[in-house]
Amino acid sequence: MNSHWSRREFLKSTTAAVVFGAAEQTFGAMPAALQKRRLGKTGEMVSCIGFGSGSRFCSIPDEDAAQALLERAFDRGVNYFDTAGSYTRRPLERLSEKRLGEFSKKRRKEIFLATKIDPRDRDGALRSVETSLKFLQTDYIDLIQIHSLSNLDDLDRIGSPNGVLAAIQQLKQQKVVRFIGITGHNDGAAMGEALRRHDFDTVLMALNAAQSANPVAQRKMEPIPAFEQSALPVALQKNLGILSMKVMGQGMIVGSGPGRASPAELLQFNLSQPVASVVIGCEQMARLEENVQAALNFTPISENSKQKLQEKVAPSRAAWQNFLRSHDDSVAV
């Protein structure tokens, strides 16, 4: 058995899954369901779209409405739920993890629960995980991700003898954590080096039509390769579970007119990449239903179609890159 998928193998497998699903629906064998994809070497099967519970989700003021959104996502076939210790709405502490804990305690074995930690030191990381376990109301976490890799200096702190990675590796040995991942959205070169240097199980990276069209993203006046050119090939080579985020470019590339595309088009672009799940932030029931329907209707698109979509959103590329220069995904709202 091959240790990793090539892009061609990925497209063949997704096309086959879509054809098989269409045949089942035609003959009435089963209702439409979200496609599940293998999360790389973890062997876990996760929904092709994941529920992102960051700033959008934390903006929901009503707790019943927040729980109803989580329940609906689960009912529609989402089993990958993504949170972080820093996702909250001030002055509340860890609001996102608290909501996920209430939701998941009834169905812990039925979902794949991922959170993120921000401390770079060992002791801070251990305290953060202990707090996550309390708010998530669980005794284990499926995936702990080191949150928001910023640059190579940050990578050195992460991998130091008393760094966060050593702490999570200890927790994995103790079966408190099942898998270890890392996330990043603005430095593809640093992410590529992180994946070469350390043995992660998963990676969550920014991938969208506006970003991947340009192989160089400018940050601090230095040329920095985008994730698709620098980190994605390493992740494929090491058979990591690949997760994508920022598919809608924080709303900057969604809509009609120059530089804009529909959510369905943008999601189709991402699902045509070799990713296991596309993590999308959500705060509205209608938006959730729209994303699920787009995923149900998904068919892989060609490289030519990808290029046309990249050209379509190109007028928004500068605004997206400006956002990446200053955005810190780990800062609470």
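Where is Thr138 found? Thr138 sits in the loop between α5 (122-136) and β6 (141-146); helices (H or I, at least four residues) and strands (E, at least two) are DSSP runs, numbered from the N terminus. This is a predicted model, where local features need pLDDT of at least 70, side-chain atom pairs count only at pLDDT 80 or more, and totals for chains, interfaces and linings use all residues. Residues are numbered from 1 along each chain as its sequence is written, and side-chain values use heavy atoms, with hydrogens and water left out.

**Around Thr138**
- Thr138 is buried, at 14% relative accessible area (buried means under 20%, exposed over 50%, partly exposed in between, with a 1.4 Å probe and protein chains only).
- Leaving aside residues up to four places away in sequence, Thr138 touches Arg108 and Leu133 (contact means heavy atoms within 4.5 Å).
- Gly101 is 37 residues from Thr138 in sequence, yet their C-alphas are 7.5 Å apart.

**Cysteines**
- The disulfide count is 0, going by cysteine sulfur atoms within 2.5 Å.
- Cys58 is buried at 0% relative accessibility, and Cys282 is buried at 1%.

**Confidence**
- Mean pLDDT (the predictor's confidence in each residue, from 0 to 100) is 88, and 85% of residues reach 70 or more.
- Residues 213-218 fall below 50.
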